[in-house]
Amino acid sequence: MSSPGGRRSVRTAADPPMAPEEALKHLKEGNMRFVKGEPQATRTNEGMRNALVDMGQAPHTAIVGCADSRAPLETIFDAMPGDVFVLRNAGNTCTHAEGSMVGSLEFCTGKLGARMILVMGHTKCGAVYGATHAYLEARKSDVVSVNSALEGLLLDLAPVAERALSDMGSSSDAESVAAHAVKVNVFHTIDFLLRYSESIRDKVRSGQVEIQGGLYHLDTGTVEFMGRSPRQTELLSSTHRGLPPSMTREGGRTSGYGPAARGMHGVRTAADSAVAADEALKMLQAGNERFAVGAPLAKNATAKMREALVSHGQAPHTAILGCADSRVPVDTVFDAMPGDLFVLRNAGNTCTHAEGSMVGSLEFCCGKLGSKLILVLGHTQCGAIAGATKTHLASKEGDASKNAGCALEGLLMGLSRVAKQAEKELGVGAETDKLIAHAVKVNVFTSIDFLLKYSEPLRQLVKSGNLEIQGGIYHLETGRVEFMGRSPHQAQLLASDSSLPPSLQALPIRTTTDGPMPPKEAMKLLKEGNDRFAVGAAIAGKISSDMRKALVKEGQAPHTAIIGCADSRAPLETVFDAMPGDIFVLRNAGNTCSHSEGSMVGSLEFCLGALNTKMVMVLGHTACGAIKGATATYMQCKAGRIPQVTRALDALLVGLSNVAKKASAELGERATEQQIVARTIKLNVFHTIDFLLQYSSVIREKVATGEVEIQGGIYDLETGRVEFLGKSPNQAALVRSGAAMPPSLA
């Protein structure tokens with residue numbers, strides 16, 4: 001690892017895996033050098049960077065650390081690019097960042113071969129202290145509200161504060177409880193990893209991987225190594241096979257190469273004035289240039305500097321959302337001092353599955369710490385984006401699993417939408433390498449867009465000119481960052497009214513106090529709900545006791561009535577991500593009015609009249625068993641074999657076979673039975689709509705006046721998406737029908 005003159009080489013995939021005890025030894029020795037002010041990891045060159053690109057990374061340790069700018073992990077352990085795979089967020093926690101953190105660690109210990117995981121907290125942690133004080137205040141007032149992602153992050157750290165208070169005793173002061181909570185939080189995160197990752201659990205159980213905790217002391221620079229979780233033996237016996245919960249659903253520089261323009265204490269602290277976004281960007285650009293040419297200026301933090309960071313607090317000039325890849329040590333890439341950068345990292349520099357954690361952490365940094373610039377930083381040769389792109393391509397070929405088998409697979413499936421967009425922009429047939437490279441860029445702007453769309457505090461800061469959010473790509477081959485500026489969609493997204501990330505959102509319920517909803521608005525809700533369901537970002541289901549009481553007391557006012565199939569694979573409320581009170585649902589085999597005329601028509605007349613619903617949808621679905629049976633019955637009749645009607649099911653299929661007959665006639669004699677089934681599914685939707693218009697004067701009149709709309713749709717069982725078919729082609733003629741009742745009631 002060392003070369004003549006004290007200069008260290010870099011670890012690559014050409015090096016053998018490092019045993020956990022050896023990795024821990026490297027961490028301890030590196031921290032000792034940092035404390036003494038005798039670092040060795042101070043220079044990189046083109047040869048080292050090319051080795052990391054050509055041979056790939058093989059970090060000896062994965063570290064889950066805090067995003068606090070006073071705790072730059074690579075610096076603390078005097079690590080070279082390629083040594084440590086770093087994941088960071090406010091509070092070194094898996095709260096809200098479950099899939100991202102677990103998936104990233106599974107990638108590092110599986111694909112990259114790291115055998116050591118260190119979860120490291122630090123003294124005076126703002127996130128844990130904030131969570132502790134919030135918990136103690138909530139105990140007094142018994143009132144808890146979540147109005148931002150940051151508040152959601154603090155609320156979900158409450159169990160850590162609760163455990164710390166239990167350990168310390170109720171008479172302990174808040175500061176003592178918070179200090180102890182920092183240690184509790186380290187083991188809390190370790191326990192989460194052991195509980196929710198079968199992959200990591202198996203590796204720890206076999207001795208292939210070691211997970212330990214640590215505490216970085218801001219005032220001394222030393223890391224207190226805390227060993228394994230006290231609950232490790234218990235957790236290793238777990239048979240839990242589930243996914244993480246969220247997935248079942250300046251010291252700054254000015255310009256040029258001159259000396260560092262440090263704060264009044266040699267590093268940036270809260271005692272220094274805020275840095276404007278354009279100045280912060282210049283500092284990043286100049287720092288990266290120094291790094292790229294091998295002339296860094298960032299010195300070691302002295303005892304007085306660390307003391308100043310503790311006593312005055314942090315004031316980072318920039319918050320960076322970057323990738324956990326060990327070849328991209330963010331603080332090093334920008335030649336930054338402790339106190340410069342507030343760093344968040346996960347595999348793929350994404351908000352996918354890490355919504356609350358990432359958004360909350362950035363709201364904390366820009367709101368509480370005063371940072372004026374956010375940089376979302378991707379990098380070339382990104383393993384997460386490459387994996388997501390291959391997942392997307394495999395799904396097109398039908399080779400991909402429809403469900404996530406582990407947190408890593410869930411992460412890649414979430415990111416595959418980025419690859420899909422990249423392919424759309426480049427065109428189908430683009431070379432895989434070019435597709436991956438473009439997906440890296442698309443992903444940067446996707447993360448920026450997510451922040452603008454789902455954080456009201458960040459949006460307001462951008463609108464007022466107090467915050468800039470920009471993107472960049474770090475090129476592993478050259479060491480240089482390509483600064484890409486703002487998202488092309490910024491102006492549009494600043495008009496968003498979303499206030500929370502999807503995982504923290506809760507839908508309201510509809511009651512009679514809301515009044516009728518126009519058909520266009522109801523259709524908009526159906527489309528938005530189905531889109532959330534299809535991409536795995538459903539938010540319905542968070543139902544309180546007060547909501548249920550309101551539905552009883554105030555009564556229902558569904559915005560849509562749906563006639564759907566009884567097939568268990570097509571649960572309508574789930575497909576449209578709807579809350580109780582949203583949809584009035586009628587279901588039978590084949591989403592038909594055959595043999596259920598009075599029931600269906602009468603129920604809809606009640607919904608449109610008494611409940612004042614303005615939208616009706618008839619929804620079929622692919623691979624419908626009833627339609628398959630009806631088509632088979634038609635084919636039997638066509639062959640001259642008259643079916644025996646001895647059961648209600650037989651009568652149902654015979655009734656539906658007339659629709660199959662019509663489908664066959666439209667397709668022609670050469671149509672296969674499979675083609676007839678697909679056509680019949682669509683025709684049956686319109687057949688049911690036409691029945692409603694023909695035999696209900698109530699429905700007919702409301703449609704004729706424009707008060708009510710009836711439209712059709714087909715739910716695709718494979719993709720989860722609904723194809724919205726619109727109105728029946730026969731509507732104009734049928735609204736003039738004279739029939740007043742269904743045949744069975746006439």
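Q: Before we start, what counts as a pocket here?
A: On a 1 Å grid over the protein atoms alone, a pocket is an open set of points with protein on both sides within 12 Å along at least five of seven lines, and its lining residues have an atom within 4 Å of a point. A volume is the space filled by probe spheres set on the points, which are joined across faces, edges and corners. This is a predicted model, where local features need pLDDT of at least 70, side-chain atom pairs count only at pLDDT 80 or more, and totals for chains, interfaces and linings use all residues. Residues are numbered from 1 along each chain as its sequence is written, and side-chain values use heavy atoms, with hydrogens and water left out.

Q: OK, what volume does the second largest pocket have?
A: The second largest pocket has a volume of about 670 Å³. Of its 28 lining residues, Gln 381, Cys 382, Gly 383, Ala 386 and Gly 387 are the closest to the centre.

Q: And which helices each supply at least two residues of that lining?
A: Those include helix H15 (383-397), helix H16 (407-426) and helix H17 (432-454), where helices are DSSP runs of H or I with at least four residues, strands are runs of E with at least two, and both are numbered from the N terminus.

Q: Switching topic, where is Phe 77?
A: Phe 77 is in the loop between helix H3 (73-76) and strand S2 (84-89).

Q: Buried or exposed?
A: Phe 77 counts as buried because its relative accessibility is 3%, and buried means under 20% relative accessible area, exposed over 50% and partly exposed in between, with a 1.4 Å probe and protein chains only.

Q: Which residues does Phe 77 touch?
A: Leaving out residues up to four places away in sequence, Phe 77 touches several residues, among them Leu 27, Ile 63, Met 120 and Phe 225, where contact means heavy atoms within 4.5 Å. The C-alpha atoms of Phe 77 and Leu 27 are separated by 5.6 Å, although the two residues are 50 apart along the chain.

Q: What about phi at Asp 335?
A: Asp 335, a residue other than glycine, has a positive phi near 45 degrees. Most residues other than glycine have a negative phi. Asp 335 lies in the loop between helix H13 (330-333) and strand S7 (341-346), and is buried with a relative accessible area of 4%.

Q: And Asn 349, where is that found?
A: Asn 349 is in the loop between S7 and helix H14 (355-367), and its phi is also positive, near 35 degrees.

Key:
On a 1 Å grid over the protein atoms alone, a cavity is a set of points where a 1.4 Å probe fits but cannot get out, and a pocket is an open set with protein on both sides within 12 Å along at least five of seven lines; lining residues have an atom within 4 Å of a point.
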